[in-house]
Amino acid sequence: MTTTADREIDAEPAARFTDLLAAESIKFVSLRSTRWGVLLSALVVIAMNANAAFSDYRNWPTYNPQIRASFVPDWAVSDAFSAGAAMVLILAAGTIGALAIVSDYASGLARTTFAAVPARSSVVLAKATVLAGVLLAFGVVVAGGSFVASQGILAGRGINVTLADPGVLRGVVASALLAPVCGLAGLAIGAVIRYTAGSIVTTVALLLLFPALLEDRRYLTAVILHAQPYGSWGALHGLDTQHLSPYPATTVGSWLGYGIWALASVVVAALVVRRRDL
Amino acid sequence: MRATRPRGMVEPMIDVNDLTKRYGRATAVDRLTFTVRPGKVTGFLGPNGAGKSTTLRLVLGLHSPTSGTATVDGRPFRDRPRGLRHVGALLDAADMHGGRSGYAHLRALAASNRIPRRRIAEVLAEVGLESAGRQRIGGYSLGMRQRLGIAAALLGDPPVLLFDEPLNGLDPEGVLWIRGLFRRLAAEGRTVFVSSHLMREMEHTADHLVVIGRGRLIADETLAEFASRGEGLQVAVDTADPATLTAVVDAAGGSAVPAPDGTLTVTGLTAARVGELAYEHRILLRELTTRSASLEAAFLAQTADAADYLTGERR
């Protein structure tokens, strides 16, 4: 306990958001389970999409003329990021988001953290920023990697799409952004529930199970579905040039859906931690 | 207040004023008022469930009071943007994530309060965890977690330190070390507030005691004052004929009760008077010692009173 340290620390200015960002970044990357979770889920998602493309590459000679006619762009785009891969991405991002805050509460670290920085909402905003940044990078790598791998495989038969084709880039961006949107939703759920099992079950139920139960053949359920991250992603990513869906979502509405989920999640997480006893 | 004093002359005090915390019908802290002053070690004593941990959490703003206030240096702790520079706290050795290394745990805390990174190595050395700093906390023993928690409390070089049951899980060497640490922190002019449910842990550490039972203040006084409020003088007597001596002591207005070690504990008479009585009645004495009531006994007597007083009340 030196007096020089005393003076040096005393001379420091007031709290800055960048300090909290640095602290939350250290917390995020210093957990081995999180690092592995991010890496493995990225590999799984890219492998799923590559495999979908490879199946079509292999089965192409057996496809009838009708399928061949509609393969580019609709089917090729869906190989770039399949619905199953999107569900795995939602599961991974939602869980990582929920654990980002639940691991603090469940371990008791939240007490240590909030005793060190009593401005709890600022801590949670920093956590949300770090989480969104990491998951955005994750989403870009996964969506970009999936696109390159799948279309590279399909190019062997000349049935691929490129980013210059109408709506394709929008789909890749939507896939990339799905990760931070679902991660933030998980963070909000974790902040509200605070227990590991309950948070993960709720995240899966809300982000995966609920949209899977909704029918897009009826107007009301179609609207509710399109308001979910999974539904917004489907509308932004799928091209539906055959107009198979009776109540299609608008592009603007779907982007808005992403934005509202992300924003509402951050607001809920930042507010709910304020007055709780812990 | 702070603004009128030059930097470095601030008297860091913990002020608890009429503090009450209820959880539903249960009252954990009941109109508690006390002040913890700098320059000495203040023991915070009470039986399990007395409300010690709740009080410390209220001081740190981790819990919101039902009524009353808790301030550190005149301000609610929650208003401090950088908590570690004002109050260092070890609440529970479990309050860390087992998946991180001790070093990473401290690094995140240091970053959040913009504390220079070299402080991490300093505090790790201070608590004797230099070699374990890179290991995962999940592999630490309880004593090592206590040491890491203390390192975190020291990180911001704070003028006020709170420790909740810090001796749990420490080996005898660790207990000696921590007592020395508390004495030194107090000697440096810091406010050191240490909770315990065991009086004997405080006997050699604290200068001042705040004692609570069932959330209420029982005593706020120096260690010596507290001890003197015990049952008064006791005389330990080892005799060959305890039955006769007990009768003689009773007849003389004192009282004698058998102690677990086979001796008699006499109260109400001085050792000299017991010696005279034994001589008159030709009772052989092997030992005759005056004992002041132990602090533990004083503590138990006073907290038991509080418990009895409240037994009939709905909590």
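Student: How many salt bridges does the rule find across the interface of chain B and chain A?

Tutor: There are 4 of them between chain B and chain A. Keep in mind that this is a predicted model.

Student: Which residue of chain A does Arg82(B) form a salt bridge with?

Tutor: Its partner is Asp19(A), and the closest N and O atoms of the two are 2.8 Å apart.

Student: Which elements of chain B give two or more residues to the side that touches chain A?

Tutor: Those are strand β1 (14-23) and helices α2 (102-112), α3 (118-126) and α5 (172-187), all of chain B. The largest share comes from α2(B), with 7 residues.

Student: How do the residues on that side of chain B divide into nonpolar, polar and charged?

Tutor: You get 18 nonpolar, 10 polar and 19 charged residues on the side of chain B that touches chain A.

Student: Okay, how many residues are in contact overall?

Tutor: On the chain B side 47 residues are in contact, and they meet 39 residues of chain A.

Student: What area do the two chains bury between them?

Tutor: Chain B and chain A bury about 3,800 Å², and 51% of that is on carbon and sulfur atoms.

Student: Which residues in chain B lose the most area to chain A?

Tutor: Leu62(B), Arg78(B) and Arg100(B) do, and together they account for 18% of what the chain B side buries.

Student: New topic: what is the strand order in the open sheet of 4 strands in chain B?

Tutor: The order is β11-β12-β10-β13, with antiparallel pairing. At the edges sit β11 (255-258) and β13 (285-291) of chain B, each of which pairs on one side only. From one strand to the next, the twist averages 25 degrees.

Student: How many bridges join β11(B) to β12 of chain B?

Tutor: There are 4, and the two strands run antiparallel, with β12 covering residues 264-267. For one bridge in detail, Ala256(B) has Val266(B) in β12(B) as its partner.

Student: Which strands does helix α8 of chain B lie across?

Tutor: Helix α8 (residues 242-251) lies across β10 (234-239), β11, β12 and β13 of chain B, and runs at about 150 degrees to β11(B). Helix α9 (residues 271-280) of chain B also packs on the sheet, where it touches β10, β12 and β13 of chain B. The direction of α9 makes about 160 degrees with that of β13(B).

Technical notes:
Residues are numbered from 1 along each chain as its sequence is written. Chains are lettered from A and ligands numbered from 1 in the order in which they are written. This is a predicted model: local features need pLDDT of at least 70, side-chain atom pairs count only at pLDDT 80 or more; totals for chains, interfaces and linings use all residues. Side-chain values use heavy atoms; hydrogens and water are left out. Two strands pair if DSSP finds at least two bridges between them. Axes are lines fitted to C-alpha atoms, for helices over the stretch in contact, and angles run from 0 to 180 degrees between N-to-C directions. Contact means heavy atoms within 4.5 Å. Buried area is the accessible area (1.4 Å probe) that two parts lose on being put together, summed over both. A salt bridge is a side-chain nitrogen of Lys or Arg within 4 Å of a carboxyl oxygen of Asp or Glu. Ala, Val, Leu, Ile, Met, Phe, Trp, Tyr, Cys and Pro count as nonpolar, Asp, Glu, Lys and Arg as charged, and the others, Gly among them, as polar.
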